[in-house]
Amino acid sequence: MERIDPAKAARVWQRVQEKPAEKREQGLQELIFEEWTDAATYLQLSRRFQGKKAALLRKLYQDELSHAACLKGIYTLITGSRPVVKTLPPQQGDAEQVLRRCYGREMRCLARYESRSSDPEYGQVFSRLAQQEREHCHLILEFLGDL
């Protein structure tokens with residue numbers, strides 16, 4: 001008779017017993033955190049500029065707040081509870097350094113949204129968020145090119 005590896009058996013049972021909601025909400029709180037971080041960063045940056053540049057950064061701020069709210073709504077529908085997301089103060093540095101980091105976060109969020117676009121219930125929402133993140137990447141690059 002074959003011996004069963006207890007660690008392997010425990011992993012199998014854990015997968016079997018996982019609830020579908022736990023799989024679907026996995027990573028949503030991290031995405032909410034990323035969107036909040038970008039929102040706070042764009043708001044802080046908007047105070048350093050005037051005119052069109054400040055308006056562009058405020059638009060990015062509003063978009064990121066909207067993304068975070070949407071993700072919170074999805075999380076709430078999936079889990080039945082509100083997400084707990086810790087926030088950090090906006091990043092410091094000159095505008096180019098800060099925007100480089102924002103671009104990286106936008107690209108990471110874009111990839112995550114694209115990977116969720118086949119979700120049967122929220123796929124269309126994730127596709128829309130991905131589209132908006134593509135636009136944000138474009139705007140950041142344009143902004144950096146104009147500094």
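A crossing of two helices is called left-handed if the near helix is turned anticlockwise from the far one by less than a right angle, and right-handed if clockwise. By this rule α3 and α4 cross in a left-handed way, and α3 also passes α5 in a left-handed crossing.

The model is predicted, so local features need pLDDT of at least 70 and side-chain atom pairs count only at pLDDT 80 or more, while totals for chains, interfaces and linings use all residues. Residues are numbered from 1 along each chain as its sequence is written, and side-chain values use heavy atoms, with hydrogens and water left out.

The protein chain contains six helices and zero strands, where helices (H or I, at least four residues) and strands (E, at least two) are DSSP runs numbered from the N terminus. Of its 147 residues, 35% count as buried, meaning under 20% relative accessible area with a 1.4 Å probe on protein chains only; exposed is over 50%, and partly exposed lies in between. Among contacts with a separation of 6 or more, 77% come from residues 24 or more positions apart; a contact means heavy atoms within 4.5 Å.

The contact of α3 with α4 has 18 nonpolar, three polar and five charged residues. Here Ala, Val, Leu, Ile, Met, Phe, Trp, Tyr, Cys and Pro count as nonpolar, Asp, Glu, Lys and Arg as charged, and the others, Gly among them, as polar.

Residues in the contact include Glu-34, Asp-38 and Tyr-42 of α3, and Arg-105, Cys-109 and Arg-112 of α5. This contact divides into nine nonpolar, two polar and eight charged residues.

Cys-109 is also buried, because its relative accessibility is 0%. The whole structure has zero disulfides, a disulfide being a pair of cysteine sulfur atoms within 2.5 Å. The closest cysteine sulfur to that of Cys-109 belongs to Cys-137, 9.3 Å away and so too far for a bond. Cys-137 is buried as well, because its relative accessibility is 5%.
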